[in-house]
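Me: I would like to learn how to read the features of a structure one by one, with the general idea stated before the particular case. Could we work through one together?

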Amino acid sequence: MATEYVLDGSRVTSLQTFLGEMDRALSKPVGHFSNLDWLQDILSGGVEGIPDNGITVRWIHSEQSLQHLGVQLFDKLRQLLEEIANVNLLLQ
């Protein structure tokens, strides 16, 4: 069974707050994820404590994120997470 992490969309108002919330959700040091390429590398590689059998990211309050980020950025972030083989994304 995949480990589940909760991303609180009510805290996501920009790309930087998204990266910070991913830091918090995955229990990484603040600022660990400095950009989307680094985030993708971490989530794809099974390193840094991310289990090789995959994870579930439950993005709660995702509608609030959509409102703050706009459709284009929200879809880019959603697509990035959905395209990573060992990430199961649940929008709530």
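Me: Which residues does Thr 56 touch, not counting residues up to four places away in sequence?

Reply: Contact here means heavy atoms within 4.5 Å, and with residues up to four places away left out, Thr 56 touches Ala 2, Thr 3, Glu 4, Tyr 5, Asn 88 and Leu 90. Thr 56 itself lies in strand β2, where helices (H or I, at least four residues) and strands (E, at least two) are DSSP runs numbered from the N terminus. This is a predicted model, in which local features need pLDDT of at least 70 and side-chain atom pairs count only at pLDDT 80 or more, whereas totals for chains, interfaces and linings use all residues. Residues are numbered from 1 along each chain as its sequence is written, and side-chain values use heavy atoms, with hydrogens and water left out.

Me: Is Thr 56 buried or exposed?

Reply: The terms rest on relative accessible area: under 20% is buried, over 50% is exposed, and partly exposed lies in between, with a 1.4 Å probe and protein chains only. Thr 56 has a relative accessible area of 9% and is therefore buried.

Me: How many bridges join β2 to β3, and how many join β1 to β2?

Reply: Two strands pair if DSSP finds at least two bridges between them. Strands β1 and β2 run parallel and are joined by 6 bridges, while β2 and β3, which also run parallel, are joined by 5 bridges.

Me: How should I read the largest nonpolar core, and which residues have the most contacts inside it?

Reply: In soluble globular proteins, nonpolar side chains tend to be buried together. A nonpolar core is a set of buried Ala, Val, Leu, Ile, Met, Phe, Trp, Tyr and Cys residues joined through side-chain atoms within 4.5 Å. The largest one here has 21 residues, and those with the most contacts inside it are Phe 18, Leu 39, Leu 43, Trp 59 and Leu 81. Two or more residues come from each of β1 (3-8), α1 (15-25), α2 (36-45), β2 (55-60), α3 (62-83) and β3 (87-91), with the largest share, 5 residues, coming from α3. Leaving aside neighbours within four places in sequence, Phe 18 is in contact with Leu 7, Val 12, Leu 36, Leu 39, Trp 59, Leu 77 and Leu 81.

Me: What is the geometry of the aromatic pairs?

Reply: A pair of aromatic rings is described by the distance of the centres and the angle of the planes. Rings of Phe, Tyr and Trp (its six-membered ring) pair if their centres lie within 6.5 Å, and planes under 30 degrees apart count as stacked, over 60 as edge-to-face and the rest as tilted. The structure holds 2 such pairs. The rings of Phe 18 and Trp 59 have centres 5.6 Å apart and planes at 40°, so this pair is tilted; Phe 18 in helix α1 and Trp 59 in strand β2 are 41 residues apart. Trp 59 and Phe 74 form a tilted pair as well, at 5.0 Å centre to centre and 45° between the planes, and Phe 74 belongs to helix α3. Phe 18, Trp 59 and Phe 74 form one aromatic cluster; Trp 59 is buried at 0% relative accessibility, and Phe 74 is buried at 6%.

Me: How many salt bridges does a search of the whole structure find, and with which residue does Arg 11 form one?

Reply: Side chains of opposite charge can pair when their charged atoms come close. A salt bridge is a side-chain nitrogen of Lys or Arg within 4 Å of a carboxyl oxygen of Asp or Glu, and the search finds 6 of them. Arg 11 forms one with Glu 21, the closest N and O atoms being 3.6 Å apart; Arg 11 lies in the loop between β1 and α1 and Glu 21 in helix α1, so the pair ties together parts that are 10 residues apart in sequence. Glu 21 is buried at 4% relative accessibility, whereas Arg 11 is partly exposed at 44%.
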